[in-house]
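Welcome! Please take a look at the sequence and the model below, and then we can walk through the inside of the fold together.

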Amino acid sequence: MGRDTIADKITYIRNADMDRKGTVRLASTNITENIVKILLREGFIENVRKHRESNKYFLVSTLRHRRNRKEPYRKNILNLKRASRPGLRTYSSYQRISRILGGIGVVILSTSRGIMTDREARLEKIGGEILCYIW
């Protein structure tokens, strides 16, 4: 039985956001770097830097928070949901990629041209495996 590394990274980010942590440290892989770059570009995280410790690379991401969020945890600001998983892969053509919250949210896909958002996939008219939803 293998591990789902993408789901682990998504869970790290979601849990850090729920716990109001300022930063989250993720092991650096090509897929993780691409997903974090998309999160940075879409404005879900503030900053990313690559950190090296004893021949291992890590991505240290600064999460974006509302400054005056004083009430107890009720609703999560950053919602991430894993769509495709190792036991059940989910593929979609570019015409059938769902729009999250009418286009406000982001769908991250793994295509033959790399990892990209739903908007980029529609522009390039290319489908692929739906990795996760972010809103």
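A nonpolar core is a set of buried Ala, Val, Leu, Ile, Met, Phe, Trp, Tyr and Cys residues joined through side-chain atoms within 4.5 Å; buried means under 20% relative accessible area, with a 1.4 Å probe and protein chains only. This is a predicted model, where local features need pLDDT of at least 70, side-chain atom pairs count only at pLDDT 80 or more, and totals for chains, interfaces and linings use all residues. Residues are numbered from 1 along each chain as its sequence is written, and side-chain values use heavy atoms, leaving out hydrogens and water.

| Core | Residues in it | Members include |
|---|---|---|
| Largest | 22 residues | Ile13, Leu39, Ile108 and Ile134 |
| Second, separate | 9 residues | Ile97, Leu109, Ala121 and Tyr133 |

Helices (H or I, at least four residues) and strands (E, at least two) are DSSP runs, numbered from the N terminus. The protein chain has 3 helices and 8 strands.

Ile108 is in contact (heavy atoms within 4.5 Å) with residues including Ile35, Ile38, Met116, Leu131 and Ile134, leaving aside those up to four places away in sequence.

Now to α1. Its buried residues are Ile6, Ala7, Lys9, Ile10, Ile13, Ala16 and Asp17, and they pack against β1, α2, β3, β4 (80-82) and β8. After α1 comes Arg20, with a positive phi near 60 degrees.

Across the protein chain, 41% of the 135 residues are buried.

Technical notes
Buried means under 20% relative accessible area, exposed over 50%, partly exposed in between (1.4 Å probe, protein chains only).
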